[in-house]
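Let's take a friendly walk through this model. Have the viewer open as you read.

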Amino acid sequence: MEKLNAIEFVDKLKELFGSFNISDEQEYLNEILIPESKNKGLNLTGDFLNDLHTNYDLSGRTIGFDFLEKLNENSDFVFFGLSDPFYMGLDKKSGEIIMYDMEYDKVHLRLAENIDQFVQAILLIFEYGLPGWINEKQYSQDDRLLLLSKIKKVVNQNYLTYYEQSYGN
């Protein structure tokens, strides 16, 4: 599994997005899908989520989920995204990526064993979704199952429930 830092992750998003011919009318997609650098000198600390939020403007950006404008941290989790109505976060104790139900104050689903697995799954989902955004592609069940088979290669079996529910039917 490829481990990416925040800069490499955003570069990969740009590369995937750039592989499509974007019309002038579709330029707005760049503002939705690709995080913009906050400053010229990018600084990496080795903490993927912190580096991503420190170096890039994530407000209004979406890649399978909506980024929170800033990290929201409590004693157990660091929340970084929203897949309405659930927050996406990092479990500080286990390192797992989770979906959290704020209404019931509990973990709803576990999404990945660690941030690296989650990043790989999100890149697959981002790549899968681009034709829908750019070319208004309609997805078939075979398309969804192909994506799920790719996700199964990067996400540990114990964390597949969300992906199976989203793409397996």
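## A negative patch

Asp24, Glu25, Glu27, Glu31, Glu36, Asp57 and Glu69 together make up a negative surface patch. Patch members have over 30% relative accessible area and no salt bridge, with like charges joined within 9 Å. Asp and Glu count as negative, and a charge is placed at CG of Asp or CD of Glu. A salt bridge would need a side-chain nitrogen of Lys or Arg within 4 Å of a carboxyl oxygen of Asp or Glu.

This is a predicted model, where local features need pLDDT of at least 70 and side-chain atom pairs count only at pLDDT 80 or more, while totals for chains, interfaces and linings use all residues. Residues are numbered from 1 along each chain as its sequence is written, and side-chain values use heavy atoms, leaving out hydrogens and water.

Glu25 sits in the loop between helix H1 (6–18) and helix H2 (28–33); helices are DSSP runs (H or I) of at least four residues, strands (E) of at least two. Glu25 counts as exposed because its relative accessibility is 64%; exposed means over 50%, buried under 20%, and partly exposed in between, with a 1.4 Å probe and protein chains only.

Asp11 belongs to helix H1 and is partly exposed at 40%. Its C-alpha atom is 9.7 Å from that of Pro35, 24 residues apart along the chain.

## Strand S4 and its partners

Six of the seven residues of strand S4 (residues 77–83) are buried, so S4 is largely enclosed by the rest of the structure. S4 pairs antiparallel with strand S3 (residues 66–73) over four bridges; pairing takes at least two DSSP bridges. Here Phe67 faces Gly81 in S4.

S4 also runs antiparallel to strand S5 (residues 86–91), joined by six bridges, with Phe79 opposite Gly89 in S5. Two residues lie between S4 and S5 in their hairpin.

Note on methods. Patches are made of residues with over 30% relative accessible area and no salt bridge: like charges are joined within 9 Å, nonpolar side chains (Val, Leu, Ile, Met, Phe, Trp, Tyr) within 5 Å. Accessible areas come from the Shrake-Rupley method with a 1.4 Å probe; for residues, only the protein chains shown count as cover.
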